[in-house]
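Below are some comments for a colleague who has the coordinates open. They begin with the surroundings of one side chain and then turn to the chains as a whole.

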Amino acid sequence: MMKIIRPGITFGIIGGLLTFLFGGWSVAVIGCFMGLGLGLGLAGQFERKNPLELVKSALPTALIAGVILVLLSLYQSSVVQEAIGKRPTAEEIVAKGNLIGFLGAVGFSLLLVALHSLPEKQEQQWKIAVLALVVITFPFVDQASELRWTSQIIFALIFVILGLGLNIVVGYAGLLDLGYAAFFAIGAYTTGILSSPVHNIQWNFWLVIWIAAAMAAIWGLILGAPTLPLRGDYLAIVTLGFGEIVPVLFKNLIDVTIKEPLTCWILPMFGANTTCIVFTEHFDATLGEKGISPIGRPALPLIAHGEPAGAAMTIKIVIMLVAIAILGYLFWRAWSSGNRKPGVMAGFAGALAAIFIFFLPIPRTNNTIIDSVLGIIQPGEFESSRPVTWYFLIIGIILLSIFIIRRLRDSRLGRAWMAIREDELAAAQMGIDPVKTKLLAFAMGATFSGFAGAFYAAYIRGIFPSVFDFSASIIILCVVILGGIGNINGVIVGGLVLMTADRLFLPALKDFLAAFLKTTILPSISDPAVQLAVKDNANPILYRFLLFGLTLAIMMAVRPEGLIPNEQIRAELHEKEAVAEVEAPKSKKGKKG
Amino acid sequence: MLELKDVNTYYGNIHALKGISLTVNDGEIVTLIGSNGAGKSTTLRTIQGLIKPRSGSVVLDGVELQKLPAHEVATLGVAQSPEGRMIFPRMTVLENLEMGAYVRRDLSSFQNDLEHAFTLFPRLKERISQKGGTLSGGEQQMLAMARAMMAKPKILLLDEPSMGLAPILVELIFDIIKKLNQEGTTILLVEQNALMALSIAHRGYVLQTGEVVLADKAEKLLKDPMVQKTYLGVE
């Protein structure tokens, strides 16, 4: 019984304490997320049986979690809020918020538990449907409840992509990479250089993001190559070095001069009188510490109304019409030759959409009806004031990444990665080319950080070398380790937990502590110096890395396989127990080995 | 089928194989016997391409192997059940066997071969979803052999399949080696257990400190006084 109730208490207390930090409507949102987490965790604990029985056995846990949440939340709105001198929440919000929170906690957890009665595949599909609903509605709920979490969640999602990419290198291929942020930087700087007015190159984001991914992949190959003969600790140290070199390089690419060596040095050495060919002189590529800013942003139809027509419009329209004509011809040929597979059709639709994205804006006419119709399909820029658009963009990138990574994992290449991770020599004997396999792991891993980097640069609108230092690499590695090395779901959870803790909870905790101290302890301290010291040091953001380290240390001691482990890695970490289990029944057979 | 000509292999400055020449014909079991450090495993590692010989040639069906990396040798039809087994500890038995078939592009007969492996090693079928690392020593040896067989190799290299196993299991393993050979697999067997090896092999080579000192039919080697004295413990 205790085993079933304990998660209810844990979740209830964590959820309730979180409402202390945010107040207002937060209890409703937190309740729903708590229910989701609890339901996903609980479902696996039960046998598959009919839904009513499942609900019955999970009911006490769900109720306990819900009750604790509401009690703590009510305590928050009645006592704590007053104690920290916050404006009290309107009674209506308190009542409604707590009701929704309670129903969400109980409802979602019971729903997910009840789904466990279905066969495994169906259960999986339903779970995905529920999660999809939550993911889609979240930004709107967030907007309505005025919590303003979306813009911070987007940072967490960037780290989810980075974690997914690093997971290929560390989790699948078993190559400990301590400099992964280098590829993040390469993706971001590629985007910065190619789409910033600073250099007068302003390419379309939808093109640049692929170039950024490709650049990261190429550098993955280049930086991966020297590490090939290395294993374990030595590999980690070399990647650490690369992780340090790349941001320093970007910091210092402020005075680039490239001369053609033959005409400038070699021929003059032999007394020839040539004019030196200079490709570029004193070119400031990255603007050093100042960073590149502003950076162009993605644009899509339906996002916002764009500006009226410019001068280049006619050319654009001509290109667009030509492109459409070529595409139409190809489509007609494919269609009439009977090549009507869904993939081919989807390809044409995608190409048509791409043409529109690249070449519209459309000029304004003086006809209001035409203008309003054209206004809808006219691409508008993503704005920082509207995080919802960014949120869906990054969700799209994550879905694409998950799709690709799952296919990779289950492919021949994925198997080869895992064999290399297990035993490189044995893998070679199986016919696996270690060089190719490892290089592809570096390249594929880097590709996803290229996506993340491009998104990050466009989202922040500026990039600075200090963002990509060693600590970024370590945080990404923490995401992977905390979530569960080698497990896609684990890495997603790890990224969300770690980065929301960093981006949402710590700042909220800081405000909470400051307000709390101001009303309770600070007035009772007479010495102003001590008062100031207490006030300054009660800032959890200062202890960010301490808390990171502490979390990791605790995780390694309590649950080294991560929050949602990869079963192979769990098997290894708990190998002794498993072996004991297997050996025990047949120990009499007198085998050695 | 497989021919080694005057192969010299070094570990750094140590001259491990001093001009080894041997042949394995189609359908044979050929065994290499010798004491520790005689160069038996080194010979197999040289064939497989894990170490490059400094001189000499290794030819399989007319293709020179000595310059190729290990994974290419594997794709040409050389599979090894290595010393110390080297199974993938965190993969299940089935996944290990699937890795064995990695070199094969045509997987249409994969299921049949899997079934066949399980008839030879019924023990593995019972353990099919268990992690390789949790198997007992004998089971790991069976897995290593079955995994090598899944590649459908032209020649199967077996390195000390009896090492560390109880006598009853050793007999079982040798029965299986015989059976594999009767089904048409060519086998190069490295063994310290000379009596067992010579009793199933067609021909044998005796290695001493990196040199072939005797080469003959297996039954003749069994009667050779030197072999009897040194490797079979007969006074």
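1. In this predicted model, B:Arg147 touches residues of both chains: from chain A these are A:Ala426 and A:Met430, and from chain B they are B:Pro82, B:Arg85, B:Met86, B:Ile87, B:Phe88, B:Asn96, B:Leu97 and B:Gly100, with residues up to four places away in sequence left out of the list.

2. B:Arg147 belongs to helix H6 of chain B, which covers residues 137–150. The residue is buried and yet has no salt bridge. The nearest side chain of opposite charge is that of A:Asp423, at 7.0 Å, whereas a salt bridge would require a side-chain nitrogen and a carboxyl oxygen within 4 Å.

3. What does the side chain of B:Arg147 reach at 3.5 Å? It is the backbone oxygen of B:Arg85, and B:Arg85 is also listed among the residues that B:Arg147 touches.

4. Chain B is divided into domain 1, made up of 1–77 + 153–235, and domain 2, which spans 87–152. The contact between them takes 18 residues from domain 1 of chain B and 13 residues from domain 2 of chain B, while the centres of these domains, taken over C-alpha atoms, are separated by 23 Å.

5. Chain A contains 23 helices and 6 strands, and 45% of its 593 residues are buried. Of the contacts in chain A between residues at least 6 apart in sequence, 77% join residues at least 24 apart. The chain exposes about 29,900 Å², of which carbon and sulfur atoms supply 68%.

Terms used: Residues are numbered from 1 along each chain as its sequence is written. Chains are lettered from A and ligands numbered from 1 in the order in which they are written. This is a predicted model: local features need pLDDT of at least 70, side-chain atom pairs count only at pLDDT 80 or more; totals for chains, interfaces and linings use all residues. Side-chain values use heavy atoms; hydrogens and water are left out. Helices (H or I, at least four residues) and strands (E, at least two) are DSSP runs, numbered from the N terminus. Buried means under 20% relative accessible area, exposed over 50%, partly exposed in between (1.4 Å probe, protein chains only). Lys and Arg count as positive and Asp and Glu as negative; His and the chain ends are not counted. A polar contact is a pair of N or O atoms within 3.5 Å; within protein, one must be able to donate a hydrogen and the other to accept it, and residues adjacent in sequence count only if both atoms are side-chain atoms. Contact means heavy atoms within 4.5 Å. Accessible areas come from the Shrake-Rupley method with a 1.4 Å probe; for residues, only the protein chains shown count as cover. Domain bounds come from an automatic or database domain assignment.
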